[in-house]
Amino acid sequence: MSLLTLFFTVFYAVVGKSPVTWTTSAQKISDTEYNLIFTATIADGWNIYSQHIKGDDGPLKTSFSYDHPHFQLVGKNEETGDIKKGMDEMFGMEVIKIKHKGVFTQRIKVADADKPVTGSIEYMCCNEVQCLPPKQVPFAIDLKTAQ
């Protein structure tokens, strides 16, 4: 392990800072439909994993949980970004990695746009040497500010 890798491993462990930051927004489609947009900005050398990894023996796939008493999901959460599919040496299986930036979009239909959409994102990030423990990030998206 290089000195730089060791430094960042200790830094992330001590400070608790993740190499992934998440932002959220909403896009108004109609009076009752919105796109929820989740953007992961991923530090160089790190990656998160797609929602679409097959099997449970590999890395934790990125997932979204919604508290939705006042809205319903329309279709599946889509993902775009710097997506690479291939064999992962650490897990010994084919995975789908997202590097640098990943954008996840979920369409919803709302009964009450005055209430925020809440839930959480769960993900795991790795580099070529190690994986950090899975992390859960809560979110609250105010639909009244959607463009």
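Biologist: Why is Asp31 called exposed?

Modeller: In this predicted model, Asp31 has a relative accessible area of 64%. Exposed means over 50%, so Asp31 is called exposed.

Biologist: What makes Lys28 partly exposed?

Modeller: The relative accessible area of Lys28 is 38%. Buried means under 20% and exposed over 50%, with partly exposed in between; Lys28 is therefore partly exposed.

Biologist: How do you know that Asp31 forms a salt bridge with Lys28?

Modeller: The closest N and O atoms of Asp31 and Lys28 are 3.6 Å apart. A salt bridge requires a side-chain nitrogen of Lys or Arg within 4 Å of a carboxyl oxygen of Asp or Glu, so the pair Asp31 and Lys28 qualifies.

Biologist: What makes the contact of Arg107 with Glu33 a salt bridge?

Modeller: Their closest N and O atoms are 3.6 Å apart, and the cut-off is 4 Å; the contact of Arg107 with Glu33 is therefore a salt bridge. Arg107 lies in strand β6 (residues 93-110) and Glu33 in strand β2 (residues 33-42), so this pair ties together parts that are 74 residues apart in sequence.

Biologist: Why are Asp82 and Lys84 said to meet in a salt bridge?

Modeller: The N to O distance between their side chains is 3.0 Å. That value is within 4 Å, so Asp82 and Lys84 meet in a salt bridge.

Biologist: Why is Asp82 called partly exposed?

Modeller: Asp82 has a relative accessible area of 23%. Buried means under 20% and exposed over 50%, so Asp82 is partly exposed. Lys84, at 46% relative accessibility, also counts as partly exposed.

Methods: Residues numbered from 1 in each chain as written. Predicted model: local features only at pLDDT ≥ 70, side-chain atom pairs only at ≥ 80, totals over all residues. Heavy atoms only, no water. Buried < 20%, exposed > 50% of the residue type's maximum accessible area, 1.4 Å probe, protein only. Helix = DSSP H or I, 4+ residues; strand = E, 2+ residues; numbered from the N terminus.
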